[in-house]
Amino acid sequence: MLKESFEVKDMGEAKFMLGIQITRTANGYSLDQSSYIEKILKKYNYFDCKSACTPYDASVKLFKNTGDSVRQSKYASIIGSLRYDADYTRPDIAYVVG
């Protein structure tokens, strides 16, 4: 056990860690990142954007963006934030984000 080798403090069950809200249910645990997603959407001014259903519909045709461009560093930051979310608690959006 860890407490035999290290000094530890029991702080009870985790409720929130690394942007993930942890809820214990009768069937196990539930992981939720809605507060993390809201924070990212607000940070990049996309909170009022139009939502899309997932998983991604491959028959939808994508078009080149003709609107305002985004700095490469900002784009990389947005994608990194989405990858974090997709890889840890939302495998259903991993394909779209990837």
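How many bridges join strand E1 (residues 16-17) to strand E2 (residues 20-25)? Two bridges join E1 to E2, and the strands run antiparallel. This is a predicted model: local features need pLDDT of at least 70, side-chain atom pairs count only at pLDDT 80 or more, and totals for chains, interfaces and linings use all residues. Residues are numbered from 1 along each chain as its sequence is written, and side-chain values use heavy atoms, with hydrogens and water left out.

Some terms come first. Strands (E, at least two residues) and helices (H or I, at least four) are DSSP runs, numbered from the N terminus. Two strands pair if DSSP finds at least two bridges between them.

Start at E1. Met17 has Ile20 in E2 as its bridge partner. E1 and E2 form a hairpin with two residues between the strands. There, Leu18 takes a positive phi near 55 degrees.

E2 also pairs with strand E3 (residues 28-32). Five bridges link E2 and E3 in the antiparallel sense. Thr25 stands opposite Gly28 in E3. This hairpin, too, has two residues between its strands.

Now the helices. H2 (residues 34-43) packs with H3 (residues 72-88) at an angle of about 170 degrees, and their axes lie 11 Å apart. That makes H2 roughly antiparallel to H3 (angles over 145 degrees count as such). Axes are lines fitted to C-alpha atoms, for helices over the stretch in contact, and angles run from 0 to 180 degrees between N-to-C directions.

Which residues meet here? Tyr36, Ile37 and Ile40 in H2 meet Ser81, Tyr84 and Asp85 in H3 (contact means heavy atoms within 4.5 Å).

How values were computed
Angles under 35 degrees count as roughly parallel, over 145 as roughly antiparallel, 65 to 115 as roughly perpendicular and the rest as oblique.
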